[in-house]
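This report is meant for a reader who is meeting the structure for the first time. It begins with one pair of side chains and then widens to the rest of the chain.

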Amino acid sequence: MPAKRKTTKTKEKIIEEQLDTIENNINNYGKVVKKQNKKKEEEEKRKSAIEEKVETIREDLKTQLLNQSKLGKQFDDMVEDYIFLVKLKEDLQYDIAVNGIRYEAKTGNGYKTDKPNESVQNLLKVNAQMLKILQDLELKAPDEGPKEGEGDDLL
């Protein structure tokens, strides 16, 4: 009979360990879900801020076109191209802020190597195209106003 008791205790131990493992997995899953939700929320805030900025820029550019009596779908289309590039520029800047100017990647052989972030070069190209559109429309870059921490401190 003592052998059965030993087996029963061993089975109970195994079940307890399995329950502990399940509890740990559930807790870890909860942490992962919270982290993902927080990341989604931050991304939504970022996108919302970009949309606000884009609307301000769109209105300013259209006002400048109206003041120059430049009416027509071709001008509206160029403004929308500019707006697309503004959004793209924001995404490229975010990528650079998150991943840096260089990032680590694995080669086909499994070695780690540093690679330049292509967003840096693409950002330069996007900025050049944005300036070209403004130049073609004979517009000025919209003033985004003083940034946080900047302003008139003379008073």
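E51 counts as partly exposed, because its relative accessibility is 37%. The model in which this residue is seen is a predicted one. The side chain of E51 meets that of K87 in a salt bridge, with 3.4 Å from N to O. Since E51 belongs to helix α1 and K87 to helix α2 (residues 73-99), the pair ties together parts that are 36 residues apart in sequence. K87, at 30% relative accessibility, likewise counts as partly exposed.

## The chain as a whole

The chain contains three helices and two strands, and these follow one another along the sequence in the pattern α-α-β-β-α. Of the 155 residues in the chain, 19% are buried.

The place of A105 is in strand β1 (residues 102-106), and A105 counts as buried because its relative accessibility is 16%, which falls under the 20% limit for that class. Although A105 and K115 are 10 residues apart in sequence, their C-alpha atoms are 6.8 Å apart in space.

## Salt bridges

The structure holds 10 salt bridges, and the table below gives three of them, including the pair already described.

| Salt bridge | N to O distance |
|---|---|
| E43 and R46 | 3.0 Å |
| E51 and K87 | 3.4 Å |
| D136 and K132 | 3.5 Å |

E43 and R46 are three residues apart in helix α1, and therefore about one helical turn separates them.

D136 and K132 both belong to helix α3, where they are four residues apart, or about one turn of the helix. D136 has a relative accessible area of 43% and is therefore partly exposed, and K132, with a relative accessible area of 41%, is partly exposed as well. Elsewhere, salt bridges that share partners join E43, R46, K47 and D91 into one network.

Helix α3 (residues 118-137) has 20 residues, and the distance from its first C-alpha to its last is 29 Å, which is close to the 28 Å expected at 1.5 Å a residue. Which residues of α3 are buried? They are S119, L123, V126, M130, I133, L134 and L137. Because the buried residues of α3 fall within an arc of 95° when seen down its axis, they line one face of the helix. On the other side of α3, L124, K125, L131 and Q135 are exposed.

At the start of α3, a side-chain oxygen of N117 comes to within 3.0 Å of the backbone nitrogen of S119, and S119 is one of the buried residues of the helix. Following α3 comes E138, which is placed in the segment after that helix.

## Positive phi values

Most residues other than glycine have a negative phi. E138, a residue other than glycine, has a positive phi near 55°, and with a relative accessible area of 57% it counts as exposed. S69 is a further residue other than glycine with a positive phi, in this case near 60°. The place of S69 is in the loop between α1 and α2, and because its relative accessible area is 62%, S69 is exposed.

## A nonpolar patch on the surface

Which residues form a nonpolar patch on the surface? The patch consists of I15, L19, I22 and I26, which together have about 390 Å² of accessible area. L19, one of these residues, lies in helix α1 (residues 2-67).

Notes:
Residues numbered from 1 in each chain as written. Predicted model: local features only at pLDDT ≥ 70, side-chain atom pairs only at ≥ 80, totals over all residues. Heavy atoms only, no water. Expected span 1.5 Å × (residues − 1). Buried < 20%, exposed > 50% of the residue type's maximum accessible area, 1.4 Å probe, protein only. Arc of directions from axis to C-beta. Polar contact = N/O pair within 3.5 Å; in protein donor to acceptor, adjacent residues only side chain to side chain. Patch = residues over 30% accessible without salt bridge, like charges linked within 9 Å, V, L, I, M, F, W, Y side chains within 5 Å. Areas by Shrake-Rupley, 256 points an atom, 1.4 Å probe, with all protein chains shown as cover. Salt bridge = Lys/Arg side-chain N within 4 Å of Asp/Glu carboxyl O.
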